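Colleague: I would like to learn how to read a model like this one. Please take me through it feature by feature.

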Amino acid sequence: MTCRHPSNTGQPSFPERERWLPSFDGTRRSSGHNSGTEPPLTGAGGDSAAVHDGPELSVVLAYPEKYSIGMSNLGVHAALRAFLEIRGIDCERAFWAQASAKVENDGFAGVAPEPGVADRFTDEAGRSVETRRALSEFDVVAFSVSFEGDYFNIVRMLAAGGVEPLASERGEGSPLVVVGGVCSHLNPAPIAPFIDAFLIGDADALIPPFVHAVHESAGRGEGRTEQLKRLSGVSGVYVPSLPRSEPVSPAPWAGRWAESLTVSPDAYFRNMFLTEISRGCSRGCRFCAAGEIQRPVRFRPVQEVIASVERGLEVTRRIGLVSAALGDHPDIVEILRALHERDVELNISSLRMEAITSEVAGLLAACGVRTATIAPEAGEQTLRRAIGKSVTDEVVVDAAERLAAGGIRKIRAYFMTGLPGGGPNEAAAVADLCERIQAAVHRHGARLSASLSPFVPKPRTPFQWAAMAPERDHRRAISETRRLLAGLGVQTTSAGPREAVREAALARGGEELAEVIRIVALEDVPWKAAAARAGVDLIRLVHRERDVDEVFPWEVVDVGRGREALRGAC
Ligand code: SF4
């Protein structure tokens, strides 16, 4: 198959177009691997003390999606920093597809343009971007996984990189395959047969002791089985092939905040420096896994936020503030004022509606924010209360109007279809609410758009026992809502019900799903046909209300509040 790496098309490669923060530039020095396009990234020790001085360990940080998506994910930056801060680590990166928005637009996609898995199965998926080494040439392949839909690409990347996908079939010379990220916290079971160890918890807390244990094992000449036993003794490490009497608890937060190490024109957030201003959320929406797995909520001190922004300003004016609930930060006004004084071009995640004051809206607009997202989730106030999103219609409409009056030109509102307790009037209720929002924002020259997504009951939330509504119900609700909103002149986008049902299966399933994932990934068989071949009943898995006492596959890991507290929050 023809290699379509940009470096082979005369275009600069992705690493060459990146701009590293000066504080991290010192880590980019060659360790002698000159076979590819860029030197590898070698840990030189950053702000934290190096924990290891032994023989070099080669790690490839793998993201099972495009470069553009991976390098817009702060979890990837946090893991990369954690590896690079350990002296002697040679850490490179690999992506499912080394494509970016710009490169795709220019017709130089790193993946073949034809649809279909087989066509997209280029050798790019199995090689690092820095030296083009195959995954099989590294000591450790460390995946960062944020979305269940990326499970297929884990298997494809391993196969493309010359690594046996099933952990049980890897021999002594094979890399250690580990996974961290949100999905490993939510439910590691569906991919467990492919993975040697899951790293559960904060990257800064986990990666140094993990590396230390790998080195110790190597230093003692231990074989693979002994090495895995050693790893299973590290706090937050879950080795699925070894029996355990107790669930694994996550490694606690190390107290460090995530921020970009590099900005790039090829990232989805183009040339943008991302910085975390809070972690977790105390709102307790009953559908939200993000709020459950990162407890308690923590806010980054305002002076640290400003110092971080100033580091970003050394390479770009485009700053993205990352937070589950931006407006909840007690010093959000002070932060926004500081950003305005520094003339940043700001990007934000969604805003909690109660926190949108006229001052916040005006500061956001002054910092260049043109689009803001609010998330009423449901049209009916009673349904919002039932899902834990207790904001009244008036709060929603007033928040949108304040944003528009402050100078935000486009307001986007998120809604979900098929919520537990939702009735036949939900589409009309969403339309009614949108009509009120639209009237309010129009007065200030702004526009409203709506985004619709099927509700997926996620593990570790009070809705983990709930059945997901059938695909056809979501389809009908989306189509009816779109029709009503079109009549009001409100633009809508929607996520696909089929993909949502697949996401629910991957989120709620056990190890039986691994064979389905393998068949889809490596044999290019459609999802439902693969499930039928593997004997997995998707209807039972996704659309069945779970028994109160049912033991869930994700309970091998003890993240969040636990089933008793979740049950009490139903
Ligand atoms: S406000 Fe947002 S982040 Fe917080 S619990 Fe609700 S949905 Fe989750």
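Colleague: Is Gln464 buried or exposed?

Modeller: First, the ground rules. This is a predicted model: local features need pLDDT of at least 70, side-chain atom pairs count only at pLDDT 80 or more, and totals for chains, interfaces and linings use all residues. Residues are numbered from 1 along each chain as its sequence is written. Now burial. A residue is buried if 20 or more other C-beta atoms lie within 10 Å of its own, exposed if 12 or fewer, and partly exposed in between, with C-beta atoms placed from the backbone. Gln464 has 25 other C-beta atoms within 10 Å, so Gln464 is buried.

Colleague: Where is Gln464 found, and which residues is Gln464 in contact with beyond its neighbours within four places in sequence?

Modeller: Helices (H or I, at least four residues) and strands (E, at least two) are DSSP runs, numbered from the N terminus. Gln464 lies in the loop between strand S17 (447–454) and helix H18 (471–488). Two residues are in contact if their C-beta atoms, placed from the backbone, lie within 7 Å. Neighbours within four places aside, Gln464 contacts Pro457, Lys458, Pro459, Phe552 and Leu566. Phe287 is 177 residues away along the chain, yet its C-alpha atom is 8.5 Å from that of Gln464.

Colleague: What do the totals for the chain look like?

Modeller: The chain has 23 helices and 18 strands. Of its 570 residues, 52% count as buried. Take the contacts with a separation of 6 or more: 76% of them join residues 24 or more positions apart.

Colleague: How many residues of helix H4 are buried?

Modeller: Nine of the eleven residues in H4 (residues 74–84) are buried, which leaves the helix mostly covered. Among them are His77, Arg81 and Phe83.

Colleague: How do I read a pair of packed helices?

Modeller: Two packed helices are described by the angle between their axes and the distance between the axes. Axes are lines fitted to C-alpha atoms, for helices over the stretch in contact, and angles run from 0 to 180 degrees between N-to-C directions. Angles under 35 degrees count as roughly parallel, over 145 as roughly antiparallel, 65 to 115 as roughly perpendicular and the rest as oblique.

Colleague: At what angle do H13 and H14 pack?

Modeller: H13 and helix H14 (residues 358–366) pack at about 25°, with axes 9 Å apart. That makes H13 roughly parallel to H14. Their crossing is left-handed (the near helix is turned anticlockwise from the far one by less than a right angle; clockwise would be right-handed). Ile332, Val333, Leu336, Arg337 and His340 of H13 meet Glu359, Val360, Leu363, Leu364 and Ala366 of H14. By class, that contact has seven nonpolar, one polar and two charged residues. Here Ala, Val, Leu, Ile, Met, Phe, Trp, Tyr, Cys and Pro count as nonpolar, Asp, Glu, Lys and Arg as charged, and the others, Gly among them, as polar.

Colleague: Which residues of H14 are buried, and what do they pack against?

Modeller: Val360, Ala361, Leu363, Leu364 and Ala365 are buried in H14. The buried residues of H14 pack against H13, strand S14 (345–348), strand S15 (371–377) and helix H16 (393–406).

Colleague: Where is Leu339 placed?

Modeller: Leu339 sits in helix H13 (residues 332–341). Leu339 has 23 other C-beta atoms within 10 Å, so Leu339 is buried. Neighbours within four places aside, its contacts are Val309, Ile319, Val344, Leu346 and Cys367. Cys367 is 28 residues from Leu339 in sequence and 7.1 Å away, C-alpha to C-alpha.

Colleague: What should I look for in the backbone angles?

Modeller: Most residues other than glycine have a negative phi, and most peptide bonds are trans. Arg132 has a positive phi near 65°. Arg132 lies in the loop between helix H6 (117–120) and strand S5 (140–144). Asn271 also has a positive phi, near 50°. With 17 C-beta neighbours inside 10 Å, Asn271 counts as partly exposed. The bond joining Arg295 and Pro296 is cis, with omega about -5°. Pro296 is in the loop between helix H11 (289–293) and strand S12 (298–299).

Colleague: Which residues surround the ligand?

Modeller: A residue is near a molecule if its C-beta atom, placed from the backbone, lies within 6 Å of it. The ligand is surrounded by Cys281, Arg283, Gly284, Cys285, Cys288, Ala290, Gly291, Ala324, Ala325 and Arg352. This shell divides into six nonpolar, two polar and two charged residues.
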